[in-house]
Amino acid sequence: MRSLITGTGSYVPEKILTNADLEKMVETNDQWIVERTGIKERHIAAPEQASSDLAVEASKKALEMAGLKAEDLDLIVVGTISPDYQFPSCAAVVQGKLGNKKAFVFDVSAACAGSLYALSVADRFVATGAVRNALVIGVETLSRITDWTDRNTCVLFGDGAGAMVLQPTEDDRRGLRSIKLHTDGSLVPILLMPGGGSKEPINQALIDAKSHYVKMNGREVFKVAVRALDDSCREALAVEKLSPSDVTWVCAHQANKRIIDATLERLGIPQEKCWMNVHKYGNTSSASVPMTLDEANRAGWLKPGDVVLMTAIGAGMAWGAGVIRW
Ligand code: UT7
């Protein structure tokens, strides 16, 4: 048995923050942001919206597409690094808001690779027959952990949510194939939120030093990203005896257009095969892959049997790639 994605959904909050808006907040300009990242605008959660609220909106759309009710779900896995609370899980809050009492639920923390990690875990439960209806969500309100005075990071991130319903299929021509995941914990220092955890619990000095915000060495992250994405895509395809030329569509984590272009070039996959939305949403971390998959799906790109290649990388560094026969 394999698991099949039978529903996708996404949601972004209403408020749009443009590059022109950012020009008024920090020493930056539209040309620098577009040339270095491809980002033109991003969406920002309203003060009363937490990650769970975004996740619920995306989930409702995915459930509707799959023809399921929330109470039908047996499992909910949420990839996020900006949950509502340190504990309990964002997944528990989402379950409560959806009104489901049957599912067991938990979060997965793998930063921008979070939804790929979450998908991989849920796939194991569905493909083995342990659960029937699984919901995988990637959601972030990165605006809450962004230092809006740091131009190195604040121009990059956005808020959003994407969701995928997973169900078993007996049709061997369709469904999730390989997902290959990797982590290199020696690279923790190049992208992290240093404060607010057990190493440095919240205190005034930490807040003054802005340690409760994302810190990133963008240049180092960039270098690791392109090679890691290229390698893991080839690895995931090889399991299925596929090569990059067999790929119908690419669904890549939208962190930076230059990273995506360089990865596609190394793989020899034309840019037209990759759904792009980084210009509209910026880097939405774990929400990025399911949001992108949903847009491509609703645009009619994905047809049964198509080879869809997914890939993502983020803090950890944690990365991976997955192959789906749609
Ligand atoms: O999701 C996974 C996590 N993150 C990523 O994938 C991000 C990976 N990294 C990147 O996307 C890129 O490294 C960035 C977009 C973050 C930066 O691009 P870059 O080409 O690596 O620029 P840089 O950091 O080397 O900075 C170049 C210059 C610097 O000035 P000097 O030192 O050359 O005078 C920066 O101070 O650009 C300056 N700069 C800016 N200028 C205008 C940095 N941020 C800005 C800004 N506006 N927002």
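1. Some ground rules. In this predicted model, local features need pLDDT of at least 70 and side-chain atom pairs count only at pLDDT 80 or more, while totals for chains, interfaces and linings use all residues. Residues are numbered from 1 along each chain as its sequence is written, and side-chain values use heavy atoms, with hydrogens and water left out.

2. Start with the ligand. It has 23 residues around it, and the ones that come nearest are Thr-28, Arg-36, Arg-219, Asn-256 and Asn-283 (a residue is near if one of its heavy atoms lies within 4 Å). By class, this shell holds 11 nonpolar, seven polar and five charged residues; Ala, Val, Leu, Ile, Met, Phe, Trp, Tyr, Cys and Pro count as nonpolar, Asp, Glu, Lys and Arg as charged, and the others, Gly among them, as polar.

3. Now the polar contacts (pairs of N or O atoms within 3.5 Å). A ligand nitrogen sits 2.7 Å from a side-chain N or O atom of Thr-28, and a ligand nitrogen is 3.0 Å from a polar backbone atom of Gly-218. A ligand oxygen is 3.0 Å from a side-chain N or O atom of Arg-258. On its own the ligand has 950 Å² of accessible area, and the protein covers 77% of that (Shrake-Rupley method, 1.4 Å probe).

4. Which element gives the most to the shell around the ligand? That is H8, with four residues. Helices here are DSSP runs of H or I with at least four residues, and strands are E runs of at least two, numbered from the N terminus.

5. Strands E6 (134-141) and E7 (159-169) run antiparallel, joined by eight bridges; Gly-138 has Gly-162 in E7 as its bridge partner.

6. The other open sheet has four strands, ordered E8-E13-E12-E11, again with mixed pairing. Strand E8 (175-183) and strand E11 (249-252) stand at its edges, each with a single partner strand, so one side of each lacks a neighbour in the sheet. E11 pairs with strand E12 (307-314) in the parallel sense over four bridges, and Trp-249 has Val-308 in E12 as its bridge partner.

Note on methods: Polar contact = N/O pair within 3.5 Å; in protein donor to acceptor, adjacent residues only side chain to side chain. Pairing = 2+ DSSP bridges.
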